[in-house]
Structure formats: C-alpha cells, structure tokens
Amino acid sequence: MTIASIRRLSPACGAEVSGLDITQPLGADRVQELHQALGENGILLFRDARLSPEQHIAFSRQFGPLEAHVVGDFNLPGHPEIFVVSNVKEEGKIKGAVYAGQYWHSDLSYMPKPSMGSLLLCHEMPKIGGDTMWANMYQAYNALSDVMKNFIGGLNAVHDYSNAYDTYFAHLKERPPLTPEQRAKTPPVEQPMVRTHSVTGKKALYVNPGFTTGIVGMPREESQPILDFLFRHSTRPEFIYRHQWRPHDLIFWDNRCTMHYALADYDFSVRRHMHRTTIAGDVPY
Ligand code: SIN
C-alpha cells in the first residue's frame with residue numbers, strides 16, 4: 001500500500017498528505033509509510049481533519065505511546081493526553097497554555113527521552129497571523145563546515161525547561177514560574193548536539209534557543225557564542241517552512257529533525273485554539 005497522495009510543501013520541509021481517512025485505524029503498513037514520510041519531510045499536514053479528542057488521541061496513538069505535559073493545568077479535562085494551546089478565556093480562566101512555543105524549540109528536549117513527534121490540531125485561528133514555523137535541522141547540520149561538524153559531533157549540550165520560564169515567560173503573569181514539584185520533574189539533562197534519526201539514519205543538529213543553555217565541559221563564556229551561532233545558523237530562512245493555519249488542519253511534526261516557533265503576531269483578543277498530542281520518544285544518540 002502507498003499513501004494516496006503526498007505533496008512537498010516547501011524546499012525546506014513539510015509535505016501534505018491527502019486521500020487518507022484518518023478517523024479509521026491505518027494498519028501497520030500505512031503507519032510504517034507515514035513514519036518514513038515524517039522522517040523524510042519533517043512535518044506532515046492533513047487538511048480538513050475534523051477529529052474529536054478521542055479520534056485525535058486514537059490517530060496519534062498509532063505512532064507510539066502518548067505523554068501528558070508536565071504542567072497538568074494545560075491538559076484537556078478528561079483527556080490528559082491532549083495539551084491545550086489556547087488564548088481563549090472562559091469564566092476568567094484561560095483554557096490552555098497561552099504564549100506556548102513562541103520561541104524556537106523541539107518539544108521536550110529537556111527530558112531524558114524527548115518527544116518523537118507532536119500532532120497539533122487547529123480548532124480556531126485568527127484570520128490574519130498566528131502562523132507556525134518549522135526549521136529543518138538536517139539541512140542546518142548539512143550546511144555546517146566539516147570542522148564544525150567534527151567539533152560538535154562529539155559534544156553534549158545541557159537542556160533545561162526552566163530556561164523558557166526564566167527568559168521568554170519571565171514578564172508574563174499567565175506563565176508563573178514552575179512549581180517546586182514541576183521543577184523536580186524537569187532537572188537539566190544532557191543531549192548530543194547532533195542526533196541520528198532512528199528512521200532515516202540521517203544526522204540533525206539538536207540544539208534549540210528555548211531549552212539549550214550550555215555545552216557540557218565548557219564555561220558559559222565559551223559555549224554561548226557557539227550556541228548563538230548555531231541558533232542563528234539553524235533559523236536561516238532557507239531552512240524554514242511557515243504554515244498559515246486553516247481550522248481543521250492537523251500537523252504532525254518530527255521533533256528529532258525539526259524545531260518550531262509559534263508566531264505571536266496576531267491580535268490576542270481574537271481566539272487561537274489548538275489541541276496537541278505528544279508522542280513519546282527514545283534517548284537521542
Ligand atoms: C507548540 O509549540 O506546541 C505550539 C505551536 C503553536 O501554537 O503554533
């Protein structure tokens with residue numbers, strides 16, 4: 001069996017998959033094909049995915065076990081597998097994680113086993129703005145000099161969830177610091193700076209501005225300029241696909257070979273409401 005239709009979205013990354021009924025079980029061959037297509041394209045777009053929370057969970061589970069977000073307040077009541085990304089306020093309370101992902105990051109890179117992939121389903125979107133961008137980290141790695149590839153190829157970097165709270169969220173009352181319990185669940189971890197994709201076998205750069213705070217064995221004075229260069233390099237426009245959401249778009253992205261950024265360029269009084277499932281991954285190597 002082959003995927004009915006797959007169309008590349010940009011030279012950087014992304015492909016649109018059509019002709020599949022994703023409300024029904026896919027079967028092992030199809031799942032395998034989609035795993036391969038994901039690893040090759042970095043993101044897969046499914047249009048008009050009118051999925052209930054149960055269907056969204058069932059579709060996602062075919063690609064691996066799901067995990068609940070460490071900040072439980074953002075999980076959908078009754079469905080802890082769904083992380084709500086939203087600015088919608090009801091009865092004075094925001095219904096999910098507001099300002100989520102408004103910095104370059106790869107989901108859960110701060111955990112010993114970061115997420116393999118995430119599936120974000122768009123329910124409501126402002127008419128203008130609120131796009132998401134993905135960077136192709138294979139291309140970023142390939143475009144480095146051999147000297148830089150050799151240098152970082154043997155190094156590990158430190159990833160820390162609280163970095164996002166200390167920097168990007170520091171001024172936001174809606175994103176108070178992590179509680180001691182949440183902090184205890186997310187101590188800093190070390191990850192290889194270059195990782196090998198377990199499906200394609202290709203190498204990808206694996207550092208991100210959201211969570212990567214240092215290089216193991218180097219003082220900050222030495223590591224920060226290297227990280228700053230790698231962050232700048234990996235977000236070169238030619239490595240980026242920018243998606244303009246329509247309601248019922250479902251995007252499945254690969255956290256092993258992409259990082260992403262949610263643009264905060266829209267009127268925050270207009271509703272932007274999304275549901276995300278997060279698939280467990282392996283220890284990077
Ligand atoms: C996320 O990082 O999961 C959120 C992305 C988005 O809201 O576009």
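**Exercise 1.** In this predicted model, work out which cavity holds the space taken by the ligand, and which residues surround the ligand.

*Solution.* Start with the space itself: what the ligand takes up is the largest cavity. Next, walk around the ligand. You'll meet Val85, Gly101, His105, Leu120 and Thr132, among others.

**Exercise 2.** Find which side chains have an N or O atom at 3.0 Å, 2.8 Å and 2.9 Å from a ligand oxygen, then say how much of the ligand's accessible area the protein covers.

*Solution.* Take the side chains one by one, keeping 3.5 Å as the cut-off for a polar contact. For His260, a side-chain N or O atom sits 3.0 Å from an oxygen of the ligand. For Arg272, the distance from a ligand oxygen to a side-chain N or O atom is 2.8 Å. Then the cover: on its own the ligand has 260 Å² of accessible area, and the protein covers 99% of that.

**Exercise 3.** Look up phi for Glu91 and Tyr99, and place each residue in its loop. Is Glu91 buried or exposed?

*Solution.* Glu91 first: its phi is near 50°, a positive value, and the residue isn't a glycine. Glu91 lies in the loop that links strand S6 (89-90) to strand S7 (93-94). With a relative accessible area of 85%, Glu91 is exposed. Now Tyr99, another non-glycine with positive phi, here near 65°. Tyr99 belongs to the loop between S7 and strand S8 (117-124).

Terms used:
Residues are numbered from 1 along each chain as its sequence is written. This is a predicted model: local features need pLDDT of at least 70, side-chain atom pairs count only at pLDDT 80 or more; totals for chains, interfaces and linings use all residues. Side-chain values use heavy atoms; hydrogens and water are left out. A residue is near a molecule or strand if one of its heavy atoms lies within 4 Å of it. A polar contact is a pair of N or O atoms within 3.5 Å; within protein, one must be able to donate a hydrogen and the other to accept it, and residues adjacent in sequence count only if both atoms are side-chain atoms. Accessible areas come from the Shrake-Rupley method with a 1.4 Å probe; for residues, only the protein chains shown count as cover. On a 1 Å grid over the protein atoms alone, a cavity is a set of points where a 1.4 Å probe fits but cannot get out, and a pocket is an open set with protein on both sides within 12 Å along at least five of seven lines; lining residues have an atom within 4 Å of a point. A molecule sits in a cavity or pocket if more than half of its atoms lie within 2 Å of its grid points. Helices (H or I, at least four residues) and strands (E, at least two) are DSSP runs, numbered from the N terminus. Buried means under 20% relative accessible area, exposed over 50%, partly exposed in between (1.4 Å probe, protein chains only).
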